[in-house]
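Here's a quick briefing on a few spots worth a look.

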Amino acid sequence: GRDLICIQSMDGMLMLFEQESYAFGRFLPGFLLPGPLAYSSRTDSFITVSSCQQVESYKYQVLAFATDADERQDTEQQKLSSGKRLVVDWILNIGEQALDICVVSFNQGASSVFVLGERNFFCLKDNGQIRFMKKLDYSPSCFVPYCSVREGTINTLIANHSKILNVYQDVTLKWAAQLPCIPVSVKVANFQDLKGVIVTLSDDGHLQCSYLGTDPSLFQAPKVDSREINYEEMNAEMKELQKIIKEATKTQDILPESEKQRNITVTAEVSPDLDEESQAIDSEVKTGAVPSVTVKITIQSRVTAQKPSLAVCVQAPLAVTCDQFVFDDLEPDSSETVVVSVFLKENCSPPELEGTCMVSYNIPTGIPRVSQCSFSLPLKLVCFPAQPSKAANHKLTIDTNKPPISFVTIFPDFIDPSEGDQANALGFQFLTGSKATLLASKTSQRYRIQSDQLEDLWLVTKELIYRLEEHFKRQNCKDFACTFSGSIPLQEYFELIDRHFELRLNAEKYQELLSERAVQFRAIERRLLTRFKDKTPAPLQHLDTLLEGTFREVIALADAAEENQANMFQAFAKLKSATRLVIMLISLWQKLSADQVAILEATFLPLAEDTQELGWEETVDAAVSYLLRTCLSKSSKEQALTLSNQLSMPKDTSRLKKNITLFCDRLAKGGRLSLSTDSATQQAAVMAGGCATIPESDLEERTVILGSTAMFVSHEQTTKQKSKP
């Protein structure tokens, strides 16, 4: 009639109480971390799982007569002479940590000890022998044996981290049910007339009572009144439905794009002026003041939006002051407005001055939806006006079919209107320190962009073409066009590729060296620990000096790897800027359509981030090789070639540079970009009849594509030559 309580402490002590009185305490041998603990009334013993990943059983009688916990600090001689050491009853090695232990007995026979491991489920006898075990293919969270339906078997509920409750009869899975949360405890209870209710408790404190099965459907369909069928009306209705289906199948998008049908509309408004007080945070740009620009984002809801969240994304090295927002549920015809600031965080020019706003929410029926919009950032966020420079290493010339426009008109935010006589030259000073110059010809319809760095030409060239198109669009001029007739700067582009690839090789080398030094450091640590644990002191033989030296090498290698990672990030940003410039020049040179430019961008810009596992070089090489084998192939023999299915880091960039050079040559000789297999076959026939083949040896030496219109046969001319007898 007395309650006996056993408490396990964090230091491995078992404290036993009789009612409120402390009886005794015992320390478990070899204890490191506490594990699950259970009491078996049949054998009068405590069962636990130690840090050695083994099940241990201690009889209560042995615990009561063992050495008291207060005498743990006695000498070894006193412990040996006392004869009261704590001895384990039985041990079973399960090879993994246990989540829970349960001792049950549903019949008059022997009780069973259930142990739930991280990957296995064990059932043991009273003496520690295994009755059965079940290997689990999921990560369990809790369990409970609840009954014995058939003699000799025991039913068990096991919940896992995939929110699934499994019902086992010994090792056989009998049923599985989906739960709304991950339970940390599960029991089976009876409440008045409800028997076998499953009670689960989640990690955030939600208690749920549920049962297996489904609600019965009591609905019965009423009898349909017999009526005469009007075939004419049915035919008319069928034609109307077929017309609706035909119209619906014409649209390629699954969701409608009209503004009227959108549940939530998100808009972003970029301030025309920079912030008076910069909002830049932790910027690494070395210039004095880093400017920022305000973006006002408005969310308008037509329906009830549950759990809306807003994400604002910009490409590094740009950053925003806050990129995540969570709102309360939006009511119909309500709106929310947030204001963020965008600034340059890293010390390199961004490849894109664009951002995206994305709102995710649930409609009242529980279906998740996403709305998004994009916004463009001003060029003056990353550069400011400067004195034009006459000399430069890299120069590009853009031809137009209209007279040159004064920079006062198209760049009013970068030039003073009073400087009308010098409006044909404009300088840009980037925050990173580099410069770019824009020149307009007084006699011809040309614009020149020049800079000491190839990647710095991209943003200025893109901004020039965009502002020219907007200017002539306002003038209602529809025939304005830009062209490029110079040479594609492949040699300078290849230098950026080699620089990025060299940093990737350095990162791989640093990783190998760090791994070697870490292995050496752990080996020295083990030897030192062995020396320190030895009862007879021995000389360290300079192991401490070797440990300190290895530690310094590890720190130095980690710093070098971190610096190389930062350099690789900047090199990848420069490579993306130069890649976008090359894509634009190729599109202007060959007058590509929007679909063909999209194929170019997907080919040369497949990755938003560069990693050691999947890098830019091998991805682009695979994409260019695919285009050369399909739509840009010269014969059916090239189409029959098979490409490698595995992407791995190449030894060098020679194959990639050769493929890019061949890619530009094929475009120059009339090749067309297409993802259709039919057009690829036709294209191979056109190129075979209208173009001479290029020896592969010539391509290895050729690094610059001459873009003169006199040297290359246009696609129209190639087609005509093919049609001649």
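Buried here means under 20% relative accessible area, exposed means over 50%, and partly exposed is in between (1.4 Å probe, protein chains only). Strands (E, at least two residues) and helices (H or I, at least four) are DSSP runs numbered from the N terminus. This is a predicted model, so local features need pLDDT of at least 70 and side-chain atom pairs count only at pLDDT 80 or more, while totals for chains, interfaces and linings use all residues. Residues are numbered from 1 along each chain as its sequence is written, and side-chain values use heavy atoms, with hydrogens and water left out.

**Around strand S10**
- Strand S10 (residues 120–124) has 5 of its 5 residues buried, so it is largely enclosed by the rest of the structure.
- Asn-120, Phe-122 and Leu-124 point one way from S10, with Phe-121 and Cys-123 pointing the other way.
- S10 pairs (at least two DSSP bridges between strands) antiparallel with strand S9 (residues 112–117) over 4 bridges, and 5 bridges join S10 to strand S11 (residues 130–135), also antiparallel.
- Phe-122 sits opposite Val-115 on one side and opposite Met-133 in S11.
- The S9–S10 hairpin has 2 residues between its strands; in the S10–S11 hairpin, with 5 residues between the strands, Gly-128 takes a positive phi near 95°.

**The open sheet**
- An open antiparallel sheet of 6 strands runs in the order S27-S29-S30-S31-S28-S32.
- Its edge strands, S27 (383–386) and S32 (482–483), each pair on one side only.
- Strands S29 (residues 425–430) and S30 (residues 435–440) are antiparallel and share 5 bridges, with Gln-429 partnered by Lys-435 in S30.
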